[in-house]
Amino acid sequence: MNIILCGFMGSGKTTVGMELAKIMGRKFIDTDEMIEREQGIAIKAIFTVHGEDYFRDLEFKCCKSISDMKNCVVSTGGGALTFQRNVDALKQNGRIVFLDADFDVICERIGNSKTRPLFQDREKAKSLYDERKSKYLSAADYVIDGNMSARKTALEIADIFR
């Protein structure tokens with residue numbers, strides 16, 4: 001069974017996921033990296049050139065292919081699990097863990113990152129955070145405090161799945 005991490009950007013999905021994979025001796029997969037590798041371009045460019053619907057279809061294909069894999073730790077894109085089809089695909093062979101980090105903590109982690117276009121406007125980012133949180137909660141099999149260090153968070157998740 002796969003361990004699927006979801007949460008808002010900056011909640012620590014990738015950092016915690018890599019740590020968790022090390023602790024548990026599992027393969028680590030980042031859905032955004034998987035899509036970028038397959039497409040040969042950055043996600044930002046996919047959005048710009050092809051639009052969000054095209055990206056979301058790629059994301060769905062990615063989720064379906066992950067559901068065929070075993071014993072992986074998967075970091076999903078911030079919007080992936082706001083779509084029920086992705087949740088359904090990933091739950092076929094996985095359990096979803098929501099890294100519930102406070103918006104203020106996320107802002108501290110992201111800082112003034114230029115690689116996060118959605119964070120150029122903090123009010124819009126907060127609105128998106130509020131909108132997505134209920135979707136993460138309904139998708140999740142487990143909710144973990146995402147405000148802790150990556151190591152502590154990974155150890156707590158590992159305890160659940162041992």
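In what order do the elements of the chain run from the N terminus on? The order is β-α-β-α-α-α-β-α-β-α-α-β-α, which comes to eight helices and five strands; here helices (H or I, at least four residues) and strands (E, at least two) are DSSP runs, numbered from the N terminus. The chain has a radius of gyration of 15 Å, close to the 15 Å that the globule rule gives for 162 residues, so it is as compact as a globular protein of that length. That radius is taken over C-alpha atoms, and the rule is 2.2 Å times the number of residues to the power 0.38.

Please keep in mind that this is a predicted model, in which local features need pLDDT of at least 70 and side-chain atom pairs count only at pLDDT 80 or more, while totals for chains, interfaces and linings use all residues. Residues are numbered from 1 along each chain as its sequence is written, and side-chain values use heavy atoms, with hydrogens and water left out.

Along its principal axes, the C-alpha trace spans about 40 × 35 × 25 Å. Of the 162 residues, 49% count as buried (under 20% relative accessible area, with exposed over 50% and partly exposed in between; 1.4 Å probe, protein chains only).

Now let us turn to a loop. Asn71 lies between α4 (52-66) and β3 (72-75), and its phi is near 55°, a positive value in a residue other than glycine. With a relative accessible area of 41%, Asn71 is partly exposed.

Our last stop is helix α6 (residues 103-110), where Asp104 has its place. Asp104 counts as exposed, at 57% relative accessibility.
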